[in-house]
Amino acid sequence: MSTAGFNSQNGTGTGQTYANGPSQNPVALQQLPGVNYGMTHQPPYNPMQAKAPIPPGPGLYPSGPYQPGPPVSAYQPGPPPTSYPAPPGQTLLTRPPMGGLPPHTPPQSASPSPGPRLPPAQATPPPPPVSSSSYYQNPQQPQPMAPAWQYNTAPPMMGPPASMNAPLRGPVANHVNPAASSTATLPPPPSSAAAYSSAPPAQVAHGAPQPPGPSMPPTSAHGYTQQGTVPPPMNPMAPHAYQPSRAPYGPPPTGPPPTMKPTPPPTGPPMANATPPPPKADAQCGGVVNHALPPTEPNCQEGDIECPGTVAGNGPQAPNSYNHVDNKMAGQPQPGPPGRHLGHYPSLPPGYQNTSTPHNATSPMHPAMQAATQPYTQAPQPYQQPHGGPGPAQLSPSLAAMSLQSSTPEALRVVNLLQERNLLPPSPIPAPTPCLPQDLQKINCHPEVFRSTLTSIPQTQSLLNKAKMPLGLLLHPFKDLSQLPVVTSSTIVRCRSCRTYINPFVSFLDQRRWKCNLCYRVNDVPEEFMYNPVSRSYGEPHKRPEVQNATIEFIAPSEYMLRPPQPAVYLFVLDVSHNAVETGYLNVFCQSMLENINSLPGDSRTKVGFITFDSTIHFYNLQEGLSQPQMLIVSDIEDIFLPTPDSLLVNLNECKELVQDLLKSLPSLFEKTMETQSALGSALQAAFKLLSPTGGRMTVFQTQLPNLGVGALQSREDPNQRASAKDIQHLSPATDFYKKLALDCSGQQVAVDLFLLSTQYCDLASLGCISRYSAGSIYYYPSYHHQHNPAQVECFQKDLKRYLTRKIGFEAVMRIRCTKGLSIHTFHGNFFVRSTDLLSLPNVNPDAGFAVQMSIEDNLDDMQVVSFQAALLYTSSKGERRIRVHTLCLPVVNSLSDIFAGADVQAITGLLACMAVDRSVTASLSDARDAMTNAAIDSLASYRQSVLTIQQPGLLSPACLRLFPLFILALLKQKAFRTGTSTRLDDRVFAMCQLKYQPLAYSMLMIHPALYRIDDLTDEGALNINERTIPQPRLLQLSVEKLSREAAFLMDAGTVMYLWIGRNCNPNFLTQVLGVPNYAAVPDNLYLLPELDTAESQRTRAFIGWLRDQRPFFPSLQVIRDESQRKISFMQNMIEDRTESALSYYEFLLHVQQQISK
């Protein structure tokens, strides 16, 4: 979650200003007077633009969800060169300098307009109004710019743009200019009422790009064909496809595999029903250039990932090898067909192999996550081009054949949302499949790892603006994979100009030259790359694993490090105040550590340490040779120091017995304490000093508001205001202490993970900064108590085990590149932006998601496809420097219908949720709510006006967006954004953190839970996994009308599951599953299902266990009787029903229709 309204210093004495909130490239692009860059840049579409307000009509809800008010945003870091007048009836706002929120000027009221007419049977009042602003401005006249969500634009440049003619000194990322000086401060950006004004960005030099080849006609309406014309989706290249009879090349893999699994193939046209659940992310520090790079990174060329190392063809001819699996993978390579031998050298790598992930790799995915893992099931077919022919960027004939022909694809089938009531499919919708040539699609990056909101990229920014949909990427870059090809080579082949890693979407012009698919430079193929370690053959570079897999991992040579890779270092910082001891968490932590101490990721160099704190700081000397651990107490918390710096972090293997002794004695050591104060800030400072020399992971357990020493906080929550319809206050930090400390930690490769186990307000908005800006994780257990809340204890135990044993990467950085003409301008997730586009991740874990927003800077007229590449450089727990690379290829289209047909509704929802979290903090919650509503209104209005050829009455949507209004309403009722319902401030802030940080597959369950009837489970359509039968009940709509008092229903809300028992529930279910004789005997606090030897019990437990296995965290189970007090939690997730403060789904649709028809 990002915050705005203050500047802070990094604590290093540089005095550098850190912009808080969603970061946009500080090196934005600003056109200089008198310089013509030959660009037709369009101002971007802003979904946060508000509509003309409707004065409250009779019967409007006083605390309705859409409060009129001008949106406020802190997103524009630079003044636009031109501005335009506000439309009539719109207020002009002036923007104060960065660092404070602007005074809020209420908008001028528009002329009264009647509310929507509801059907006579429904005497419901009209929906509340939205705030005011127009979407289009008159480009002829100047006007100031309105605060709005910057959907698809990069901010203007601070300083002169890069020369358009002089070659750059060293390669530069393809979508940014070299970073501005670290001492530069951001000028105060003006505000304006224009919806999409932005500076025309300067064109960035890209080395010496080659001509794009023979000109081809642009794609028109390409991408979606009638059934049977386009090949269905293919299974992404399974890495286990090379020479099963041979031993792996390079270091052998060890350990069990992580997970990605096959599921039944999608049916219908390839692009039909384009909507599944993908990944998500949290806030970052503004684009600050940090010149004090830590010693892990060679500060050359473009930084860590971009360290030149051995540029293609220049390196020593060391032996190269290829591992079939990651070092945590196991199993034999799967056979695959040999590469095709062609008489000429193909322009595209021809040797694509189609291998499916083994069916027994892991259990299938949760239904609400399955979509992202749908396999591609078409058999491979030859795809070859003439010698020296065009590469993927000029695939006109193959893509032109896929134009919209006579029939409309399923994704564009017109749906009248007001008439079709049952829109929720009984099973998950698969991710839309990009419409690409078959050979490209079958090796494209898996949508669960790398996913775009639009699977067809518009040719121009103006076309994107017309579509009124956000363009962005969602990533899950370090996800546990069941199969991951690992390559060891002294020469990692990369483009000399933009530093892109060679990938399946480059073009081989001949055997010795390849063309980059991002900047189009022609590069030489190095001699070493001519040898294929898989087939042990020479002269077939297009068959190497790097060119066969869209996801691949390299073991980096020494050029990618300046110091030896750091060891795995784990420091645990434990609250031992009276409040902490009362919760009982210390026993659970110590027991879990003792059980998992041998499973901590690491090697012989692994180090551990412990600090406890209350009003003083306690260190533990665990030096080898001591007979028992030695406690050292530092009471001077104002000037903290390390009493024995050399013996507080010890080698785990050498001192394991002392560590175990400490863990056994810790709970009893403080059980009688009466110390109530908490000096968390000083404990964090001490831990930072201890970890600074090496870097590592700091794990902090806190149970109350810190109230002593530095970082002390005051309670800011007024319980009486929890249900207020007014804007929610205190979503931003109360102090910048935790953010500044997090930035210091990031600079020393230290990440901080926070476990908050509280029974009272802890100010997570402030404490969360320590994890947000250091790339850590946040775990939150409200009302935690070892006796009163056993369900939370179970969650904590399971989460802690996963946390201690999961894979981890140290001293990591990540960079995302895209084809020239595209630009990335805003990042979402937990990290710090070190330079314009380099994300600093002191730790990276397999459960973290990220998102980015993009804009189109140059017209993509001469391109048929564009590519995106994410490269993650990290140190494994075994001390290896590794680079994981994901590459995604998408088609370029020039018609609005194709853009809509490729819309990924769940990815769009996930990205909008990230943007709304930022908007809630930088502006207000009501602005964020208005903006989300406007996003649904705008996209459906654009579809109606620009795509539909025959205008019909009703609220019309393409089939691929039919769930968009439902998901937006779900967001408005989600804990992060809801109003009118009592919500604890920490609960709201944590929900915002989850939306920003969780991968999309998990966050979608938190946005729109899954509801199943489970008292009548059968084996029909069931899955068989490891000799277990997993029933597959239908997904139900989230409405009380779907409930029955004669039945039992399971609601999966992501982090919690509710089992609702109807008053007249089938007695057979009560006895066979719950083990009780009748309804009255169902306990109030039941959270575990008894293990009964009945078919019904086994089916129910198997289904719930299977759902839990599909996510890295452990959802608790709450059994709720019909009249239980906890029923309200269950009913609050009934998104389609009306509440006192929120519209029903039907009323919301009427409101959207009314706004569209204005």
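The following chat goes through selected local features of a predicted model.

Me: Before the details, which ground rules apply to this predicted model?
Reply: Local features need pLDDT of at least 70 and side-chain atom pairs count only at pLDDT 80 or more, while totals for chains, interfaces and linings use all residues. Residues are numbered from 1 along each chain as its sequence is written, and side-chain values use heavy atoms, with hydrogens and water left out.

Me: Which residues of helix α19 are buried?
Reply: In α19, residues 1067–1074, they are F1069, L1070, V1073 and L1074. Buried means under 20% relative accessible area, exposed over 50%, and partly exposed in between, with a 1.4 Å probe and protein chains only. Helices (H or I, at least four residues) and strands (E, at least two) are DSSP runs, numbered from the N terminus.

Me: Why do they line one face of the helix?
Reply: Seen down the axis of α19, the buried residues fall within an arc of 100°, so they line one face. The arc is that of the directions from the helix axis to the C-beta atoms. In general, an α-helix has 3.6 residues a turn, so residues three or four places apart point the same way.

Me: What do the buried residues of α19 pack against?
Reply: Their packing partners are β33 (1048–1052), β34 (1056–1061) and α20 (1095–1109); contact means heavy atoms within 4.5 Å.

Me: And which residue caps the N-terminal end of α19?
Reply: N1066 does, with a side-chain oxygen 2.9 Å from the backbone nitrogen of N1068. Just after α19, G1075 takes a positive phi of about 70°.

Me: In what order do the strands of the sheet with β33 and β34 come?
Reply: The order is β30-β33-β34-β35, an open sheet of 4 strands with mixed pairing. The edges are β30 (1010–1013) and β35 (1116–1121), each with a single partner strand, so one side of each is left without a neighbour in the sheet. The twist averages 20° from one strand to the next. Axes are lines fitted to C-alpha atoms, for helices over the stretch in contact, and angles run from 0 to 180 degrees between N-to-C directions.

Me: How many bridges pair β34 and β35?
Reply: These two strands pair in the parallel sense over 6 bridges; two strands pair if DSSP finds at least two bridges between them. M1057 stands opposite L1117 in β35. Helix α20 packs on the sheet, touching β30, β33, β34 and β35, and its direction makes about 10° with that of β33.

Me: Switching topic: how many salt bridges does the structure hold?
Reply: There are 33, where a salt bridge is a side-chain nitrogen of Lys or Arg within 4 Å of a carboxyl oxygen of Asp or Glu. One of them joins E1136 and R421, whose closest N and O atoms are 2.8 Å apart. E1136 lies in the loop between α21 (1127–1131) and α22 (1145–1156) and R421 in the loop between β3 (414–416) and α3 (438–441), so the pair ties together parts 715 residues apart in sequence.

Me: Is E1136 buried or exposed?
Reply: E1136 is buried, with a relative accessible area of 5%, whereas R421 counts as partly exposed at 36%.

Me: And what about E553, which forms a salt bridge with R882?
Reply: The closest N and O atoms of E553 and R882 are 2.7 Å apart. The pair links strand β13 (residues 551–555) with strand β28 (residues 881–893), and the two residues are 329 residues apart. E553 is buried at 0% relative accessible area, and R882 is buried at 2%.

Key. A polar contact is a pair of N or O atoms within 3.5 Å; within protein, one must be able to donate a hydrogen and the other to accept it, and residues adjacent in sequence count only if both atoms are side-chain atoms.
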